[in-house]
Amino acid sequence: MSTVESRDVRGSRDAAPVIGTGMDRVDGARKTAGAAGYPSDVQLPGQTHAALVQSTVAAGRIRTLETAAAEASPGVLTVMTHRNAPRLPDGPMTALGASPPAPLRDDRILHHGQHIALVVAETPEQAAAAARLVRVTYDTSDPVLGLDDPRAERMDNPWGMDADRGDPAEAVRTAEAKVSGTWTTPDNTNNPLGLFATVAVWERDALTVHDSTQWPTMGRVTLAKVFDVPESAVRVLAPYVGGAFGAGLRVWPHVILAALAARVLRRPVKLVLTRAQMFTSVGHRPSTVQHLTVASTGTGELVALDHRCTSGVAMEDDDFEPCAATSALAYACPNVITRDVQLRLNIPDPTSMRAPAVGQGNFALESALDELAHSLSTDPLELRLRNYAAEHPGNGLPWSSNALRECYEAGAERFGWSRRDPEPRSMRDGDELVGYGMAGVSYPWYAQPCKARATVNSDGSAFVRSAATDIGTGTYTVMTQVSADTLGIPPGRVRFDLGDSDMPQSPQAGGSGLTGALATAVRDACRGVLGRILDLVRDDSESPLRGCTIGDVTVGGGRMHLRGRPAEGESYADILARHGQVEVTADGASTPADAAELGMAPAGAFGAKFVEVRVDADLGVIRVPRVVSAIDGGQILNEKTARSQIIGGTVGGIGQALFEETVTDAGTGRIANATFGDYLVPVNADVTQMDVLFVGDPDRATPLGTKGVGEIGLVGIAAAVANAVHHATGTRVRSLPVTLDQLL
Amino acid sequence: MAEALSQRRAAGFAPEAPVELHVNGRRHRLHLDARVTLLDALRDSLGLTGTKKGCDQGTCGACTVHADGRRVLSCLTLAAQCEGREVTTIEGLTAPDGGPHPLQESFVRHDAFQCGYCTPGQIMSAAALLEEGRADSDEDVREFMSGNLCRCGAYTNIVAAVRDVAAAGGADASV
Ligand code: FES
Ligand code: FES
């Protein structure tokens, strides 16, 4: 048995570990009973209801704004516009860039769907009816909407991540093989199923906000700055969030409007977005145009990679979307240039959507590599293996973990890749053309500082918490497991709580970075409690544990004993009782790994995706009956929830590949398909067999060996589908989504 | 005349009317704005927030409940239309012994949800499917459950959870 001091993820413990097992979700009973309280479920005494009025033009100024009819409408309490609303400062800089601009600043219109008024009434029906009575006219100007519009303001290298290695131009010139092309991806909308909701209430000068957020800590910091109150006077609550996929990473203008209205009215205000408003109010994955050249030797060793990506950003907002930059870190290639460009457009704010940047960039890169393999008559899998990056391509350091080769090999084996006849249109089954396609994924590493607090109570139970969120990722469950294992208390006696900004500060559920940061902080806090309990008995002549340090003991079953001597120990409850303690609490923290200090490049997850498509030979209808995802996610903390993350991401990837496209009317900037009837997402019948394999070893850069798996499930699916469609039909589609009209 | 009324309605002058709803075996006398949907009546007037709103347009299935044992989209049903009908929501779905419905346990075991927002609607649809005897194959479940979107993508696990209960003769144990 290992000791608590060792790097073993499980510490020294008596009972069988719960880390790594597929423990059922601890919030499962609540969710299946309809008893989990989402922000839209909150009902406060005296609560009022708000409805938004949004701009129906994309650029210009408000000329007239008539609110009298709305104000006179039954039940209406206030109509807030830029004319009567107090001017608020913008929120702070965040790890994702600047906050979105404050609402109702002036009469300028920057995009279709911009909030221009908020109507608050006694009932939701009254608010919605009155919102329709607000009359607006505009002095419109010609909106800048397309990535091809020469008027768009251009920002080069917006994140300082452009890569330059070697001499790519010369390497392309002299290469034996090359593929050059333009790939495009459309706007996609996050569209979590839960309508985003905010319920705001002021009590004296203290603000409480129930919100659909992935980041309560940032919500508190932002609202404190905007409303000029101390951070301690703001509380943001999000115990359950109905999905978000990036849409909950920012404090959006509607959140601030709800809080503002609550302050003006001195009553609670509830604002629930409509589905149509979900398309314009909480971000989206921006479209891209990507020019890419890959060049290789005659045997497929990459000699040059040239990736240039242009995406759109709102007129006065930031978005972190370095699509080309991520290609520089995917393969061993001596000559590389990446260029990312953003254009300012009159569009609703783009923001992270599951696997931001990587989701778009990987489509172009992995499609181009498939074309290169085809032109060389090389197996696409073999081409990837030949260009495997044994070291981090950016800094040359060894990876803290990298099982990408094993992903390729195990995935290919499970999928039956060797049965693939390389010739396009060669595999037919009745009326269906069958295609096999694959793609590789190197997901970027991301980490932020995190804190947690752990308590062992006098009854031997534990309470552990952090201001994190569980947006469906399994955080409640996984952190219960980490706490249980570290403390040696059965999971049924451990409560892990989150979703409250009053708890120790946590980074966002995003960037696939939360699990690693939080698990380390939770473990640190739990070990802190163990240390304090040992402090209690340091000079305790009645305790067999007197004078022990954490390295001398083993935990399990709610007690501690001397290593290798199970009889010589005692329960936490006994220790606390004898020392008159109601509880013992300690704080824990984690900081991101430092590559220079480690002498290693901290690694994100790696993956290989294998996809079978079937295309109706006459009708062109495309199906994806089978996907195999082989993932190196380091130490998997819960096999069941991690697998769900991968299959959920895969479904998102199928949506990106085959269905999802937010259509903006070219003349007006209006989104033309802002319903689930028109913006197609995968339904149950679109998804059949999904295999997930976890391979690889615990990562060496984090104490628990974890790597995030929240986003990698999506990445690579679009390219693998497009590559499989080429294999099935002989037609290359370089523009997402892959639709049948492109095949006919 | 009709236009005048619709203008008055647009302006918020909605007639209120008494409505008696039977939900999960209990009677509720309410006074409701005629525009109020069954979904909003359940959530806002009765505090039964287990039933979710994902679109309010009949396109996502999150608001699925049973009316007289058949599944309906409560966002497309006016509360006033439900007088005299037995409405069952996720809060009222139980096994015959009063414990959790086997679907609820099966969903947990198979991790058939992530964020959980679609889950009450998925379970209500699945319970109706079992009743109707339309859960006999994976294909059937996939097809008949395709009106219930899951943006978290838990579909394969949902199918496994429903089939597990169907295989155990689950319809007998449902509502
Ligand atoms: S809320 Fe009723 S179908 Fe979406
Ligand atoms: S579990 Fe999130 S929408 Fe289905």
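In the predicted model, the buried residues of helix α5(A) are covered by elements that include strands β10 (197-203), β11 (206-211) and β12 (234-237) together with helix α6 (253-265), all of chain A. The residues of α5(A) that are buried are P216(A), T217(A), M218(A), G219(A), T222(A), L223(A), A224(A), V226(A) and F227(A). Because 9 of its 12 residues are buried, α5(A) is largely enclosed by the rest of the structure. The geometry of the helix, which comprises residues 216-227, was also examined: at 1.5 Å a residue it should span 16 Å, and the end C-alpha atoms are 16 Å apart, in agreement with that expectation. Just after α5(A), D228(A) adopts a positive phi of about 55°.

With 18 residues at 1.5 Å a residue, α8(A) should span 26 Å; the separation of its end C-alpha atoms is 25 Å, which agrees. Burial was found for 16 of the 18 residues of α8(A), and the helix is therefore largely enclosed by the rest of the structure.

Elsewhere in chain A, Q54(A) lies in strand β1 (residues 48-54). Its side chain makes a polar contact with the side chain of H115(A) at 3.3 Å, and the side chain of Q54(A) also makes a polar contact with that of T280(A), at 3.3 Å. When residues up to four places away in sequence are not counted, Q54(A) touches G113(A), Q114(A), H115(A), I116(A), Y138(A), Q277(A), T280(A) and S281(A).

Chain B contains 7 helices and 5 strands. Along the sequence, these elements of chain B follow the pattern α-β-β-α-β-β-β-α-α-α-α-α. Of the 175 residues in chain B, 55% are buried. Among the contacts in chain B with a separation of 6 or more, 57% are accounted for by residues 24 or more positions apart.

The interface between the two chains was then considered. In chain A, 56 residues are in contact with 51 residues of chain B. The area buried between chain A and chain B is about 4300 Å², and carbon and sulfur atoms give 56% of this area. Within chain A, the residues that lose the most area to chain B are T32(A), L193(A) and N684(A), which together contribute 18% of what that side buries.

Polar interactions between the chains were also counted. Chain A and chain B are joined by 4 salt bridges. A salt bridge is formed by R25(A) and D111(B), whose closest N and O atoms are 2.6 Å apart. Between chain A and chain B, 24 residue pairs are in polar contact, with both residues at pLDDT 80 or more. On the side of chain A that touches chain B, α1 (28-32), α3 (124-131) and α15 (639-659) of chain A each supply at least two residues. The largest share of this side, 8 residues, comes from α15(A). By residue class, the side of chain A that touches chain B divides into 25 nonpolar, 22 polar and 9 charged residues.

Key:
Residues are numbered from 1 along each chain as its sequence is written. Chains are lettered from A and ligands numbered from 1 in the order in which they are written. This is a predicted model: local features need pLDDT of at least 70, side-chain atom pairs count only at pLDDT 80 or more; totals for chains, interfaces and linings use all residues. Side-chain values use heavy atoms; hydrogens and water are left out. Helices (H or I, at least four residues) and strands (E, at least two) are DSSP runs, numbered from the N terminus. The expected span of a helix is 1.5 Å times one less than its number of residues. Buried means under 20% relative accessible area, exposed over 50%, partly exposed in between (1.4 Å probe, protein chains only). Contact means heavy atoms within 4.5 Å. Buried area is the accessible area (1.4 Å probe) that two parts lose on being put together, summed over both. A salt bridge is a side-chain nitrogen of Lys or Arg within 4 Å of a carboxyl oxygen of Asp or Glu. A polar contact is a pair of N or O atoms within 3.5 Å; within protein, one must be able to donate a hydrogen and the other to accept it, and residues adjacent in sequence count only if both atoms are side-chain atoms. Ala, Val, Leu, Ile, Met, Phe, Trp, Tyr, Cys and Pro count as nonpolar, Asp, Glu, Lys and Arg as charged, and the others, Gly among them, as polar.
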